[in-house]
Amino acid sequence: MYKTGIWRLAQSVRCDSGVPAARFDPNQADVISYQLLKEDSEEVFEHIVRHLRLSSGIFRSTYAQRFADLDPLVNEILKNNLRAQEMEVHDWAASDCRVSAEWAVSLWQHFPEARVIASDVLLGLKEASLRGRKESYILEADGTPLQYVRPPFVLSLQKPIPAHYPVNRWLAKRARAGLVNAQNAARKAVGDNWSVQEISLIHPVARRLAAKDSRFEVRSHSVFEALPRPVHAIRTMNILNPGYFDATRLRAGAAAVGASLIEGGIWVVGRTIEEPRPARNCVSVFQKTGRGLALLERFNGGSEIEDLVLEGVSAGTS
Ligand SMILES: C[S@@+](CC[C@H](N)C(=O)[O-])C[C@H]1O[C@@H](n2cnc3c(N)ncnc32)[C@H](O)[C@@H]1O
């Protein structure tokens, strides 16, 4: 008849001999309120980010140490190909920027003056709550709705609700009827009966690093936009994949990377294959040359878009 959700920490975390431990039911991954991203718990933050799906269909999924095998290999390539101490490297589509912070710390061992810029198209969500009522909408920055939270219910406003949950379906219909008021309040950042709050999608570890070390920065940026000034290296992991974009968009992404690199600059592109465990990072590393982008290295069979990038080079489009 209905499925309730997780909207407060007490439901998702138990204390085992004084140490908080997560106890997430995999069947409830789709009904965890994104409001819990505001809680002071890295474990809860990471769990939610791993399952968070944007309206574009692209997942935020990332996790600590995802590129623990890749970072040393890439750093070695940078050492062998770039001399500049004051280099600038970018991690595009970095989700919560946790792995960017890890890359920064490992890169600084070789290039102590390197600037590391982590970016993503979306760095935060908006929470519009009706004052005096336990009723909230979670929206993307442009107002696209992701969730409606009315304890004990947490409803996705993106995915269809199965017919065997008629109560959830009825509630979602009601939520949609009130959506425009929430969107108006979120746009103005205030509304007569509404309070509006930002929910950061940046991992606390990355936020702390950016706050204390000016060599690390988090910015908003789309992988389809060239940078205003060319940089030494760009990483685009788990974004420029055929599963997310068609060939035209992938070429546009490759062209944006090409236009954003200095001559001799390095592009790291690929996908993490999660199953079977252990996960593998299948990556191609390109170098910008006078002719375009040349393949420099390949790990675990390379990126799915390697051919598309190389075809673009011979056609002069990358
Ligand atoms: C699967 S995550 C990859 C995160 C990280 N790079 C990793 O591999 O662990 C994909 C990310 O791409 C971001 N994204 C989607 N479209 C984008 C765009 N046009 N430009 C930049 N980022 C985008 C999403 O917000 C999401 O955080």
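1. Two strands count as paired if DSSP finds at least two bridges between them. Helices (H or I, at least four residues) and strands (E, at least two) are DSSP runs, numbered from the N terminus. With these terms, lysine 126 has leucine 139, in S6, as its bridge partner. Strand S5 (residues 124–130) and strand S6 (residues 136–139) run antiparallel and are joined by four bridges.

2. The model is predicted: local features need pLDDT of at least 70, side-chain atom pairs count only at pLDDT 80 or more, and totals for chains, interfaces and linings use all residues. Residue numbers start from 1 along each chain as its sequence is written.

3. S5 and S6 belong to an open sheet of five strands with the order S8-S7-S6-S5-S9 and antiparallel pairing. Strand S8 (153–156) and strand S9 (194–200) are at the edges with a single partner strand each, so one side of each has no neighbour in the sheet. On average, neighbouring strands of this sheet are turned by 20° against each other, direction ignored. In general, strands of a sheet pair through backbone hydrogen bonds, either parallel or antiparallel.

4. Helix H5 (residues 166–188) lies across S5, S6, strand S7 (145–150), S8 and S9, and runs at about 75° to S8. Axes here are lines fitted to C-alpha atoms, for helices over the stretch in contact, and angles run from 0 to 180 degrees between N-to-C directions. Two residues are in contact if their C-beta atoms, placed from the backbone, lie within 7 Å.

5. Helix H4 (residues 98–107) is mostly covered, with eight of its ten residues buried. A residue is buried if 20 or more other C-beta atoms lie within 10 Å of its own, exposed if 12 or fewer, and partly exposed in between, with C-beta atoms placed from the backbone. Among the buried residues of H4 are Arg98, Glu102 and Trp103. The cover over the buried residues of H4 includes helix H3 (70–81), strand S3 (88–92), strand S4 (115–120), helix H6 (204–212) and strand S10 (216–220).

6. For the protein as a whole, the secondary structure comes to eight helices and 14 strands. Buried residues make up 37% of its 318 residues. Along its principal axes, the C-alpha trace spans about 60 × 50 × 40 Å. Of the contacts with a separation of 6 or more, 62% are between residues 24 or more positions apart.
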